[in-house]
Amino acid sequence: MNEIPLTHILFVSTALFFIGMYGLFTRRNIITMLMSIELMLNSVNINFVAFNKYLFPDKLDGLFFSLFIITIAAAEAAVAIAIIINLYRSHQSIDVDDATEMKF
Amino acid sequence: MNTSAIIFYAIATLILGAALLAVTSLKIFRSAIWLLFSLVGIAALYFWMQVEFIAAIQIVVYVGGIVVLIIFSIFLTQQSGKEMAKPATGKIIFSALAALLGTAFTINLINHYGFNTLSALPFNSSVSEIGMQMLSTTSHGFILPFEVVSMLLLAAMVGCIVIAMKPTAANIVHLNNKED
């Protein structure tokens, strides 16, 4: 446990965040973009828990932050999927390039 | 290199490999399954850090909830066996470049900062401790965000129902009348 420095956990979460960013940039399908966002949120959670455990072990604030992030991510995913179903009903497609009515 | 370190690097490889496949796979259903593996790997990382409660929440909410929701919406909206269009090569190159530069920059920053992890205090993340602090009203309690987030979940639930509801015939007539 103590042999792994905090920085290695931060490397993992950094790589995970940028993998999610890569997915968000390259994908054009809303569901896969949502999946990339979930990856990015998870990398933030890893950071919070790791900082809490390694730097401030007498407090629990990092754990609470990651708990609330998980809750908000669940609410966000539910609303996003309702929007996706509605979009599919009106456009027969969930490609972001097909929904351009409000594009300036 | 002891067992704990080996386990950590194995978990890290699982998380990053599965995440990479999740964002590059051209079949959307496979992409969702790779995301599932990545999230299970993250739960394993929490177990490795001995924060069992967060690990359990991760499995229940992400693996049991969000991924199932995503798979549902894949089945509702598209042919899951069909391959998605490949993104343009220029876009792949520039996105990969941006991601690699960002990773290199951040890793460089972390390396130079050097965190001093000297605190030898015991880390108590038992469920009872988390529950006591979550519902306490003292200065380090989290009762207010707890209540706010429960209102948020209620609002999200009502919002989902309203957004995804099929418009009834009466509503459509009403809307058409408005347009005229």
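What percentage of the contacts in chain B with a separation of 6 or more is accounted for by residues 24 or more positions apart? In the predicted model described here, such residues account for 49% of those contacts in chain B. For chain A, among contacts between residues at least 6 apart in sequence, 46% join residues at least 24 apart.

Chain A contains three helices and zero strands, and its elements, read along the sequence, follow the pattern α-α-α. Of the 104 residues in chain A, 49% are buried.

Chain B contains seven helices, again with zero strands, and from the N terminus on its elements run α-α-α-α-α-α-α. Along the principal axes, the C-alpha trace of chain B spans about 70 × 55 × 30 Å. The radius of gyration of chain B is 23 Å, whereas a compact globule of 180 residues would have one near 16 Å. Buried residues account for 19% of the 180 residues of chain B.

Within chain B, helix α1 (residues 3-24) and helix α2 (residues 28-48) have axes that come within 8 Å and cross at roughly 155°. Because the angle is over 145°, the cut-off for this class, α1(B) is roughly antiparallel to α2(B). The crossing of these two helices, α1(B) and α2(B), is left-handed. On the side of α1(B), the contact involves B:Ile7, B:Phe8, B:Ile11, B:Leu14, B:Ile15, B:Ala18, B:Ala19, B:Leu21 and B:Ala22, and these meet residues of α2(B) including B:Trp34, B:Leu35, B:Phe37, B:Gly41, B:Ile42 and B:Trp48. By class, the residues of the contact of α1(B) with α2(B) comprise 16 nonpolar and three polar residues, with no charged ones.

Between the chains, 58 residues of chain A are in contact with 68 residues of chain B. On the side of chain B that touches chain A, at least two residues are supplied by each of α1, α2, α3 (52-77), α4 (89-113), α5 (127-134) and α6 (143-164). The largest share of this side, 12 residues, comes from α4(B). The residues of the side of chain B that touches chain A are divided into 49 nonpolar, 17 polar and two charged.

Helix α2(B) also takes part in a pairing across the two chains, in which helix α2 (residues 30-55) of chain A packs with α2(B) at an angle of about 5°, the axes lying 11 Å apart. The two helices, α2(A) and α2(B), are therefore roughly parallel to each other. From α2(A), the contact is made by A:Ile31, A:Thr32, A:Met35, A:Glu38, A:Leu39, A:Asn42, A:Ile46 and A:Val49. From α2(B), the contributing residues are B:Ile28, B:Ser31, B:Ala32, B:Leu35, B:Ser38, B:Leu39, B:Ile42, B:Leu45 and B:Tyr46. The contact of α2(A) with α2(B) has 12 nonpolar, four polar and one charged residues.

Key. Residues numbered from 1 in each chain as written. Chains lettered and ligands numbered in written order. Predicted model: local features only at pLDDT ≥ 70, side-chain atom pairs only at ≥ 80, totals over all residues. Axes fitted to C-alpha atoms, helices over the stretch in contact; angles between N-to-C directions. Helix = DSSP H or I, 4+ residues; strand = E, 2+ residues; numbered from the N terminus. Parallel < 35°, antiparallel > 145°, perpendicular 65-115°, else oblique. Left-handed = near helix turned anticlockwise from the far one by under 90°. Contact = placed C-beta atoms within 7 Å. Nonpolar A, V, L, I, M, F, W, Y, C, P; charged D, E, K, R; others polar. Buried ≥ 20, exposed ≤ 12 C-beta atoms within 10 Å, placed from the backbone. Rg over C-alpha atoms; globule rule 2.2 N^0.38 Å.
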